[in-house]
Structure formats: structure tokens, C-alpha cells
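Hi,

Here is the structure for you to look through. My notes on it follow below.

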Amino acid sequence: MFLVGSSVVFFLLIFGISDESVLFRGMPVATGCVILIFFLQWLAFVPACFLKTEKFYDLMGALTFITVCLLSLVLVYRFDSRSFLLSIFLIIWASRLGWFLFSRMKISDGDSRFDAIKTNPSRFLLVWTMQGVWVTVCLSPVLATITGKSEVSLSFVDAPGIFLASVGFFIEVVADHQKRLHRDKYGAEMFICSGLWRYSRHPNYFGEIIFWLGIVLTALPAMSGFSYISAIVPIFVYLLLTRVSGTRLLEKSAGIKWGDDTLYQKYVSETPLLWPKIK
């Protein structure tokens with residue numbers, strides 16, 4: 001039932017942004033962008049499957065965000081302040097995240113989540129397809145803004161969205177940096193509970209959710225008709241990070257590694273999973 005409901009919402013999302021999209025040679029630009037998103041994932045899947053590697057999985061996701069965003073700007077030839085700002089936010093976010101995950105992958109032995117998947121072509125293809133779904137959903141409010149039939153310039157009412165996107169990005173970057181420094185100093189055998197990790201067990205994911213909330217609030221004034229369904233992005237990201245992967249897998253792994261450690265037990269009991277608690 002969950003899979004059916006998710007599929008319905010996903011196709012409604014595509015219909016929503018495409019229905020309000022300007023045309024390029026008779027096709028809604030948003031539709032063409034969605035097709036390109038999946039084409040790029042399936043194209044990258046071929047060498048990844050042949051080599052049985054996930055090394056460039058995250059990097060491909062980031063490059064897809066950037067490529068499709070820039071292409072939509074060129075096809076529509078729209079550089080109003082709102083479209084430009086959202087594009088800058090997205091490109092900086094995707095560049096930073098893509099490089100961070102790719103560099104982390106290079107110095108590790110790989111991602112254990114893919115161990116049983118990358119040797120099975122059908123399951124591996126599904127993973128690449130799901131990345132296409134992730135990119136499509138998260139990119140949808142930006143596409144709705146860039147490819148929409150009307151331009152809406154920025155104004156003072158956009159300050160909350162811009163503020164949240166900026167703060168969310170800052171929190172995510174700082175949290176990731178603090179964890180990397182911790183790993184460099186102590187290795188992977190000691191859990192982190194300092195810096196932003198003192199207030200949340202997953203502050204990077206908290207920042208991610210806040211970032212997308214800011215993106216949606218900034219894109220909202222340019223939406224119309226069915227494209228409003230793209231405002232679902234923060235909920236989608238929250239569910240993805242807490243119900244599908246993200247915290248669910250990390251908490252399970254941490255419980256196996258440090259579950260008997262009294263200091264870790266104290267950290268878990270006193271520190272919220274996601275939403276920071278100021279002590």
C-alpha cells in the first residue's frame with residue numbers, strides 16, 4: 001500500500017510541474033528534465049554494474065542535480081532573481097554534497113549498504129532508479145520555479161525561506177566537517193558527541209531538512225496550479241532520512257557497535273535523534 005501511494009504521489013508530482021511548465025519544441029521543459037534525470041541514472045548504471053561498484057553513485061546524483069538545473073535555465077532562458085537564487089542554492093548544495101560523499105567513498109572500502117546489491121543487476125538497477133526518484137522529487141520546486149509560465153521576482157516576504165535554506169546548509173556543512181575531523185582524530189571506533197552532535201544525534205540530517213524547507217518556501221510564490229504538490233519535498237526528505245535509510249540504518253549500526261557502552265547509552269538517552277535540544 002505504501003509503495004502504491006508513493007507511486008501515485010510521484011506521478012502526480014511529475015504531472016503537476018509539467019502541467020504548469022513552458023514548452024520547448026512542443027514538450028513541457030519539466031517533462032524533458034525528468035526524462036533526462038532517469039536517463040542519466042540508467043546510463044551510469046551500465047558501467048557501475050559492469051564494474052560492480054558504487055564508487056560514483058553519489059557523485060552522479062549530484063551531477064544530475066546540477067546538469068538538469070542548468071539545462072532548464074538555458075531551455076527556458078529565464079534568469080529572474082528567484083530562479084537564479086534557487087539555482088545558486090541548488091548548485092552549491094549539490095556540489096558540496098557530491099564532492100563530500102565522493103571523497104569519503106574514495107578513502108573508505110566502499111558503502112556496506114551496496115555489498116549485497118551491486119552483484120545483483122536487477123536490485124542494483126532499482127537503486128539507481130530510486131536515485132532518479134530522489135533527484136526528481138527534490139528538484140521539483142526549483143523546476144516548478146524555473147519552468148513555470150510566469151516569473152515572480154524576489155521580495156521581502158522571501159526572507160524566511162532564504163534564511164532557512166542558508167541556515168540549513170550551514171548546519172549540514174558544519175556537522176559533516178565536525179564528523180570528518182572526529183574520524184580523522186579518533187577513527188571510526190569512537191562515536192561523536194561534540195560540536196553540533198552534542199545537541200542532535202544527526203545534525204547533518206536536521207540541516208538537510210531545514211535546507212529543503214527553505215527552498216520550498218522560496219519557490220512557493222512562483223508555483224501555481226498542480227505544481228504546488230512539489231511543496232511535499234521537506235516531508236519526503238524527512239521520511240527518507242528517518243524511515244527508509246539515514247537515521248534508521250545508522251542507529252542500527254551504532255547500536256551494534258556501541259550498544260553496550262554506558263557512555264553511548266547515556267548519549268542516546270539525553271540527545272534527540274534529529275531535532276536539536278539546546279542544553
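Start at W212, which touches F65, L90, W93, C138, V233, P234 and V237, leaving aside residues up to four places away in sequence. Contact means heavy atoms within 4.5 Å.

A word on the model. It is predicted, so local features need pLDDT of at least 70 and side-chain atom pairs count only at pLDDT 80 or more, while totals for chains, interfaces and linings use all residues. Residues are numbered from 1 along each chain as its sequence is written, and side-chain values use heavy atoms, without hydrogens and water.

Next, the cores. A nonpolar core is a set of buried Ala, Val, Leu, Ile, Met, Phe, Trp, Tyr and Cys residues joined through side-chain atoms within 4.5 Å. Buried means under 20% relative accessible area (1.4 Å probe, protein chains only). The largest core has 51 residues. W212 is among the members that touch the most others, including F65, L90 and W93. α5 (121-147) gives the most to this core, with 10 residues. Helices are DSSP runs (H or I, at least four residues), numbered from the N terminus. A second, separate core has 12 residues, among them A44, A48, M60 and V127.

Now α5. Of its 27 residues, 21 are buried, so α5 is largely enclosed by the rest of the structure. α5 bends by about 50 degrees at S140. That bend is the angle between axes fitted to the seven residues ending there and the seven starting there. A proline, P141, follows within four residues.

Last, S21. S21 is buried, at 4% relative accessible area. S21 touches P28, V29, A30, T147 and K149, again leaving aside residues up to four places away in sequence.

Best wishes

Methods:
Buried means under 20% relative accessible area, exposed over 50%, partly exposed in between (1.4 Å probe, protein chains only). Helices (H or I, at least four residues) and strands (E, at least two) are DSSP runs, numbered from the N terminus.
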